[in-house]
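These are my notebook entries on a structure that I had not looked at before. I kept them in the order in which I looked things up.

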Amino acid sequence: MAKTIPTRQCIGCGEKKEKTELIRIVRVSEGDYEIDLTGRKNGRGAYLCKNPECLEKAFRKKGLERSFKEAVPAETMEKLKGELING
Ligand SMILES: [Zn+2]
């Protein structure tokens, strides 16, 4: 029997993709977010395509705010974008 691969929705473009195709953003503490490449970090998470454009979309559409229920500062977006591009 084929295994069902769990899918998650990208908070940027809204597309549903397999978890392995997405990155997880974790809220480590208030106003502090990290890109979780292992998928095992504790905390509230949101999923995003491995694409800086989706991060920007998520930021513009307040997808991060909606997911985490708090305001996400622009510096955080820049930091995450840097991590996404470099790493
Ligand atoms: Zn996306």
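I began with Arg60, which counts as exposed at 61% relative accessibility (buried means under 20% relative accessible area, exposed over 50%, partly exposed in between, with a 1.4 Å probe and protein chains only). Its partner Glu56 counts as partly exposed at 28%, and the two side chains meet in a salt bridge at 3.9 Å, N to O, a salt bridge being a side-chain nitrogen of Lys or Arg within 4 Å of a carboxyl oxygen of Asp or Glu. Because Glu56 and Arg60 are four residues apart in helix 1, they are separated by about one helical turn. I then noted that salt bridges that share partners join Glu56, Arg60 and Lys81 into one network.

Before going further I wrote down that this is a predicted model, in which local features need pLDDT of at least 70 and side-chain atom pairs count only at pLDDT 80 or more, while totals for chains, interfaces and linings use all residues. Residues are numbered from 1 along each chain as its sequence is written, and side-chain values use heavy atoms, with hydrogens and water left out.

How many salt bridges are there by this rule? I found that the count comes to six. One of them joins Arg27 to Glu70, with the closest N and O atoms 3.1 Å apart. Arg27 lies in strand 3 and Glu70 in the loop between helix 2 (63-68) and helix 3, so this pair ties together parts that are 43 residues apart in sequence; helices (H or I, at least four residues) and strands (E, at least two) are DSSP runs, numbered from the N terminus. Arg27 is partly exposed at 25%, whereas Glu70 counts as buried at 16%. In another salt bridge Lys79 meets Asp32, the closest N and O atoms being 3.5 Å apart. Since Lys79 lies in helix 3 and Asp32 in strand 4, the pair ties together parts 47 residues apart in sequence.

Next I turned to the sheet, where three strands form an open arrangement in the order 4-3-5 with antiparallel pairing (two strands pair if DSSP finds at least two bridges between them). Strand 4 and strand 5 (44-49) are the edge strands, each pairing on one side only. Strand 3 (residues 22-29) and strand 4 pair over five bridges, and they form a hairpin with two residues between them, where Gly31 in the turn has a positive phi of about 70°. Within this pair I saw Arg24 opposite Asp36 and Ser29 opposite Asp32.

Ile35 lies in strand 4 (residues 32-36) and is buried, with a relative accessible area of 9%. Not counting residues up to four places away in sequence, Ile35 touches Ile23, Arg24, Ile25, Lys41, Leu80, Glu83 and Leu84, a contact meaning heavy atoms within 4.5 Å.

Last I looked up the metal: which residues coordinate the zinc ion? They are Cys10, Cys13, Cys49 and Cys54, each through SG, at 2.3 Å, and donors are N, O and S atoms within 2.8 Å of the metal (3.2 Å for Na, K and Ca). In sequence these donor residues are spaced C-x2-C-x35-C-x4-C.
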